[in-house]
Amino acid sequence: MSSVEETEMSEIVDLPLIGSAEQYLFSVKDNRERADKLKELLIPKLKIIIKQACDLIHQVYGTDVLSDCRIVTTPAHRLGAKETQPYTIATAGLAIKGKGWYFQQRFECNSYSLVVKFFGLRGLESNPIVHVLKNHLEDVTRILKHGRYIISSNNIAPEKYGKLEYEEFINRLQLIHKGGWNGTYIQSPSLVLPIKDLDAAQPVINNFVEIFAIFRAASNVFLGEEDRFEEYLKCLWDWQNPLQVQESVTNRLFPDEVDAVQTFREGAVRQVSVNAYEREPKARQKCIDYYGSSCSICDFDFGRAFGQLGKGFIHVHHLRPLSEIAEEYEIDPIKDLRPVCPNCHAMIHRSSPPLSLEQIKMLLKSARGSTI
């Protein structure tokens with residue numbers, strides 16, 4: 001991966017990605033002039049973000065397969081097109097080494113947002129992205145839900161985007177014959193611009209890292225190899241779990257909080273400041289996938305309250321206290337677990353035995369009624 005020289009980076013990194021100096025670029029009427037100015041002023045900053053994202057990808061996945069940054073600026077132009085189209089965007093993206101631009105994973109920036117896009121090249125027989133999505137439906141859906149991605153396809157009418165559940169959308173995708181020009185695309189939520197500095201782009205960098213598992217697996221399929229998706233998925237979950245759960249704090253306060261220890265069987269005791277039971281992160285995630293990340297008692301949602309920082313964060317409460325279970329047993333994430341916020345979770349455990357969710361709801365309702 002080529003990088004910006006240290007002196008050049010130090011001059012750029014503290015500047016806003018889109019500040020007053022850059023805002024005018026998107027209003028330049030002349031396509032060629034706009035393209036040249038975007039390439040000169042904005043692309044170096046996108047390259048810094050890509051460098052940060054690639055460093056994190058290598059840290060998470062332990063791999064170095066990405067080609068150097070490829071730069072695309074307006075105007076967009078296709079061979080055979082009658083005229084250059086006046087798109088006001090600037091992008092910087094990556095491909096898998098040695099295979100050109102068969103797959104694109106890139107940052108796209110316009111006058112109001114910064115977003116990650118993952119493009120499956122059109123015209124490939126039996127689209128490799130569709131193979132990965134269909135063959136790993138449950139885990140792919142989990143990635144898409146966690147990142148709140150938008151998936152689209154030339155096979156499906158645009159009015160369906162965002163209205164179909166991920167599973168239904170993926171099941172409708174069709175493999176295409178060689179020479180066709182239908183494509184499949186994945187896009188992350190946008191970060192509203194201008195942002196104060198490049199560090200503020202971290203949520204978008206994280207999006208870039210999350211969809212790399214699909215990106216890399218699809219590339220393997222194209223090369224005629226095993227997709228190795230499960231391997232990349234494990235790397236992703238191992239990286240995400242510490243970000244989602246503050247395990248050491250949670251275990252001290254709430255022995256029923258389902259944390260990120262790797263086992264699906266529950267019951268093996270390990271010693272922290274209180275006895276905590278080994279728990280499987282898939283059980284926690286299946287509970288959140290089913291019930292959502294809002295509190296089952298008070299409906300508090302960290303994502304709504306804190307934005308990207310709080311997205312997807314919630315405690316998961318075990319309805320049956322694990323301290324009462326002596327033997328190992330197999331957990332049912334839907335029947336045995338519920339998402340609850342830390343406040344309600346703390347109140348559940350203020351009593352011994354712990355109060356039920358219904359009891360906490362009644363207490364909360366009564367307290368709210370007395371203060372109106």
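Predicted model: local features only at pLDDT ≥ 70, side-chain atom pairs only at ≥ 80, totals over all residues.
Residues are numbered from 1 along each chain as its sequence is written, and side-chain values use heavy atoms, with hydrogens and water left out.

View 1. The chain has 16 helices and 13 strands, where helices (H or I, at least four residues) and strands (E, at least two) are DSSP runs numbered from the N terminus. Of its 372 residues, 48% are buried; buried means under 20% relative accessible area, exposed means over 50%, and partly exposed lies in between (1.4 Å probe, protein chains only). Among contacts between residues at least 6 apart in sequence, 65% join residues at least 24 apart, a contact being heavy atoms within 4.5 Å.

**View 2. The largest nonpolar core and a separate one.** A nonpolar core is a set of buried Ala, Val, Leu, Ile, Met, Phe, Trp, Tyr and Cys residues joined through side-chain atoms within 4.5 Å. The largest such core has 68 residues, and the members that touch the most others are L17, F107 and L114. Helix 4 (residues 43–61) gives the most to this core, contributing 11 residues. When residues up to four places away in sequence are not counted, L114 touches a list of residues including L17, L46, I49, F107, P189, L191 and V204. Another core, of 16 residues, lies apart from the largest one, and among its members are F302, I331, I348 and L357. In soluble globular proteins, nonpolar side chains tend to be buried together.

View 3. Leaving out residues up to four places away in sequence, H136 touches D227, F229 and E230. H136 and E230 are 94 residues apart in sequence, and their C-alpha atoms are 8.7 Å apart in space.

**View 4. Salt bridges.** The structure holds 13 salt bridges, each being a side-chain nitrogen of Lys or Arg within 4 Å of a carboxyl oxygen of Asp or Glu. One of them joins E138 and K286, whose closest N and O atoms are 2.3 Å apart; E138 lies in helix 6 and K286 in helix 12 (residues 281–291), so the pair ties together parts that are 148 residues apart in sequence. E138 is exposed, with a relative accessible area of 55%, whereas K286 counts as partly exposed at 31%. Another salt bridge joins D64 and K97, with the closest N and O atoms 3.5 Å apart. D64 sits in the loop between helix 4 and strand 1 (70–73), and K97 in the loop between strand 2 (90–94) and strand 3 (103–109), 33 residues apart. D64 is partly exposed at 48% relative accessibility, and K97 is partly exposed at 42%. R106 and E108 also form a salt bridge, with the closest N and O atoms 3.5 Å apart, and both of these residues are buried. A network of salt bridges links R106, E108 and K117.

**View 5. Cysteines without a disulfide.** A search of the whole structure finds zero disulfides, a disulfide being a pair of cysteine sulfur atoms within 2.5 Å. C295 is in no disulfide, and the nearest cysteine sulfur, that of C298, is 3.7 Å away. C341 is likewise in no disulfide, with the nearest cysteine sulfur, that of C344, 3.7 Å away. C295 counts as buried at 4% relative accessibility, and C341 is buried with a relative accessible area of 4%.
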